[in-house]
Amino acid sequence: MTTATATAPSPYRVTPRRVMRSEWHKLWSLRSTWVTLLSAGAVILGVGLLMGATYTSGGGDADIDTVVLVLFGTQLGQMCLAVLGILVTAGEYSSGMIRASLTVVPRRLPVLWAKAAVFTVVAYSSMFATAVITFLAAQLFLHDTDKAAALTDPGVLGAIAGSAAAVTLLSLIALGLGATLRSVPGSTGAYIGGVLILPEVLGMLPYDAVDSALKYFPTQAAGVLGSATPLPDAAATGPALLALCLWAGAALGAGAVLLRRRDA
């Protein structure tokens, strides 16, 4: 005669929630996270205040959208977030921490998805808060100029949210490159060359088809999302957002495929 013995579930079972919590703690335990986030915020705020303090009505910047003007530093701050995205994935290969991560989560892909999810939340929330603060601070200088605006004005809050989304998606491309190349210098070079420089080189080609395609390249699509008014000769907001999501998805997808196939 045998008796059935109930087996209690293991308290150490790997679940998506636990993987994400682990990645959350890992991200905030790194000094590089604080340094890059603070650097990005300082650059964006500093440039925004400078643009606001030096602007005069009817000057050379009169035709620039107000949100684009005060968030001009986003183009520099975005590089800080891209570096952080690369460090989130490629940095673990450099330190050897990836072996422990994949030993604990042998299915592998949950690690990448958790990294991407945690990074998205941190990057978007920090960039949105920075953009709002920068906009409001710059308006202290612009209140009596033709660039005076409020968060409640048509398109302003959407452009600020779009700017934060653009920085986040561009940084997810960097995160995907880090997972694909597993090298911090290599991923940084690939990001600068492929995302920032290549479109400028292609833009010199005298072909209409190239010009049409360039509208949906990452940096060009990102510029559309951060403007409160439609940009001339640029993609519409919806297609630009879709294109940027597809670029980020492709980078993460490549990293996922290689993560499954390669040894840690």
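## The second largest cavity

Ile44, Leu71, Thr74, Met127, Ala131, Ser163, Ala164 and Val167 form the lining of the second largest cavity. Two or more of these lining residues come from H6, and two or more from H7. The largest share belongs to H7, which supplies three residues. The model under discussion is a predicted one.

The space in this second largest cavity amounts to about 40 Å³. Its lining consists of six nonpolar and two polar residues, with no charged residue.

## The largest cavity

Across the whole structure, a search finds two cavities of 30 Å³ or more. The largest cavity holds about 70 Å³ of space. Its lining is made up of Thr89, Tyr93, Ile98, Leu102, Val111, Leu112, Lys115, Ala179 and Leu259. H4, helix H5 (97-104) and H6 are the elements that each give two or more residues to this lining.

H6 contributes the most to the lining of the largest cavity, namely three residues. By residue class, this lining comprises seven nonpolar residues, one polar and one charged.

One of the residues lining the largest cavity is Thr89, which belongs to helix H4. Is Thr89 buried or exposed? Thr89 counts as buried because its relative accessibility is 4%, and the limit for a buried residue is under 20%.

The side chain of Thr89 comes to 3.3 Å from the backbone nitrogen of Ala179. Leaving aside residues up to four places away in sequence, Thr89 is in contact with Leu112, Lys115, Leu175, Gly178 and Ala179. Among these partners, Leu112, Lys115 and Ala179 also line the largest cavity.

## The largest pocket

The lining includes 20 nonpolar residues, nine polar residues and three charged residues.

In soluble globular proteins, nonpolar side chains tend to be buried together. The largest nonpolar core of this model contains 66 residues, and Leu81, Phe119 and Ile160 are the members that touch the most others. Helix H6 (residues 109-142) provides the largest share of this core, with 15 residues.

Which residues does Ile160 touch, not counting residues up to four places away in sequence? The partners of Ile160 are Val67, Leu71, Phe128, Ala131, Val132, Phe135 and Leu151.

## Two arginines with positive phi

Arg108 is located in the loop between H5 and H6. Its phi is near 70°, a positive value in a residue other than glycine. Arg108 is classed as buried because its relative accessible area is 18%, and buried means under 20%.

Arg182 is likewise in a loop, the one between H7 and H8. Although Arg182 is not a glycine, it has a positive phi of about 60°. Its relative accessibility is 28%, so Arg182 counts as partly exposed.

Conventions. Residues are numbered from 1 along each chain as its sequence is written. This is a predicted model: local features need pLDDT of at least 70, side-chain atom pairs count only at pLDDT 80 or more; totals for chains, interfaces and linings use all residues. Side-chain values use heavy atoms; hydrogens and water are left out. A nonpolar core is a set of buried Ala, Val, Leu, Ile, Met, Phe, Trp, Tyr and Cys residues joined through side-chain atoms within 4.5 Å. Buried means under 20% relative accessible area, exposed over 50%, partly exposed in between (1.4 Å probe, protein chains only). Helices (H or I, at least four residues) and strands (E, at least two) are DSSP runs, numbered from the N terminus. Contact means heavy atoms within 4.5 Å. Ala, Val, Leu, Ile, Met, Phe, Trp, Tyr, Cys and Pro count as nonpolar, Asp, Glu, Lys and Arg as charged, and the others, Gly among them, as polar. A polar contact is a pair of N or O atoms within 3.5 Å; within protein, one must be able to donate a hydrogen and the other to accept it, and residues adjacent in sequence count only if both atoms are side-chain atoms. On a 1 Å grid over the protein atoms alone, a cavity is a set of points where a 1.4 Å probe fits but cannot get out, and a pocket is an open set with protein on both sides within 12 Å along at least five of seven lines; lining residues have an atom within 4 Å of a point. Grid points are joined across faces, edges and corners, and a volume is the space filled by probe spheres set on the points.
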